[in-house]
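The structure is shown first, and the description follows.

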Amino acid sequence: MSSTNPTQSAYDWRTITALNIASTLAQIGQFGIIFVIVPVWLALQGLSAAQLGFFAASLWMGQMPGLGLAPWLCRHWGARTVVVVGLGGSVVALLGIAWVPMASLPWPAYLVCGLLAGLGMGLRWVGLEPWLYNIAPAHARGRLVGFHETLIAAAPVVAPAIAAWVGMQGHTILWVGVGFTVSALVPLAFARTPPVEEAHHVNSWRQSAQAAWPHRIFKQGLLIALYGGMLESALAGLFAVFAGDRGFEAEGIAHLLTAFGLGGLLLQYPVGWMADHWGLRAAGALAALGTALAAALLACVPGVTVAFSTMFVLGGLITAFLTLSLIAATKTPTPDMAWNVSSLSMAYSLSAVVGPVVAGGAMTATSSVALMWFAAVVGVVMVGLLLKR
């Protein structure tokens, strides 16, 4: 008698594998190269800090319409087409970035490329992830999200390593970005087309919102997204100021940020396991409590060893907030998972604008250590709201 579980064997593992590979390759090109490495390349082209700031903002601003439009486009075009269009948008943006200096165009032309690159990433994100999670085993979605987030968290680690290998002169690194983005089309071709879902009959944003809002898990995911986005953007954007005031040189700050990134890379699967076995609320509360304790430790204990180990843990917990938000999107029992992923991703991105402004103001008014106390307070507030019945 065969011991194969017929339910488990029915899962489309070919498509699950293909989409994971496609997402990983696309993330290296669209995020690792464009969001992380291209600003460094532009600095070498002579752009000032203010101009680079505008370019970074253009990437995030471009992502917003992509996140918002993708569910509607998936219903009308299909998820595969939306992903292809998103990849194509980023490729055109990279080609445009390479072309701007050759055509002697003024620097704001880079902003147009940034908007297009962000749009492409937003479309690919919401086009691919609901497709993947809809066909995943429902009992293990948290672990699959954690595994998937681990794969794509490799992008900001892999891209700098590639840049160090090929160098930043000329256009080589831009062609690397094009290569990774285009290569995502290969595994995408092996993914089976998702079946027509009930979501195709949902015709309005209001209907999707009304379907999701009554569910507690969606509200928990929204809370985690709103507070988690503030924390990640504040710490990522302002940590160098805090560490510099603590006596760390540029190389030491880079090593601390590497530890932060490795924590984000390695701790997402355990977070998904906790969400599957203990529930989203418990996993979110533990991540928020750990964030508060780690931030308070960094504020009070300036030792090098403590800083490195604490930054590793903090990176894993901060990154976990996006993972948990996506888990909430996949576990909310509505017919339109694409809308769930889109709305919670937009909430996360919008709140990411607030974090550096509030934390930066507190640091200016007091001292740089206010960054860690800001993170600790936000973490404690998250714990209280998540555990509130």
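A cavity is a set of points, on a 1 Å grid over the protein atoms alone, where a 1.4 Å probe fits but cannot get out; its lining residues have an atom within 4 Å of a point. Grid points are joined across faces, edges and corners, and a volume is the space filled by probe spheres set on the points. The model is predicted: local features need pLDDT of at least 70, side-chain atom pairs count only at pLDDT 80 or more, and totals for chains, interfaces and linings use all residues. Residues are numbered from 1 along each chain as its sequence is written, and side-chain values use heavy atoms, without hydrogens and water.

The whole structure holds two cavities of 30 Å³ or more.

| Cavity | Volume |
|---|---|
| Largest cavity | About 50 Å³ |
| Second largest cavity | About 30 Å³ |

Ten residues line the largest cavity, and those closest to its centre are Phe242, Arg246, Phe248, Leu298 and Ala307. By class, this lining has nine nonpolar residues, no polar and one charged. Nonpolar covers Ala, Val, Leu, Ile, Met, Phe, Trp, Tyr, Cys and Pro; charged covers Asp, Glu, Lys and Arg; the others, Gly among them, are polar. Helix α11 (residues 216–245) gives the most to the lining of the largest cavity, three residues; helices are DSSP runs of H or I with at least four residues, numbered from the N terminus.

The second largest cavity is lined by Leu235, Ala236, Phe239, Leu257, Phe260 and Met311. Two or more of these residues come from each of α11 and α12 (250–266).

No disulfide (a pair of cysteine sulfur atoms within 2.5 Å) is found in the whole structure.

Methods. 1 Å grid on protein atoms, 1.4 Å probe; cavity = no way out; pocket = protein on both sides within 12 Å on 5 of 7 lines; lining within 4 Å.
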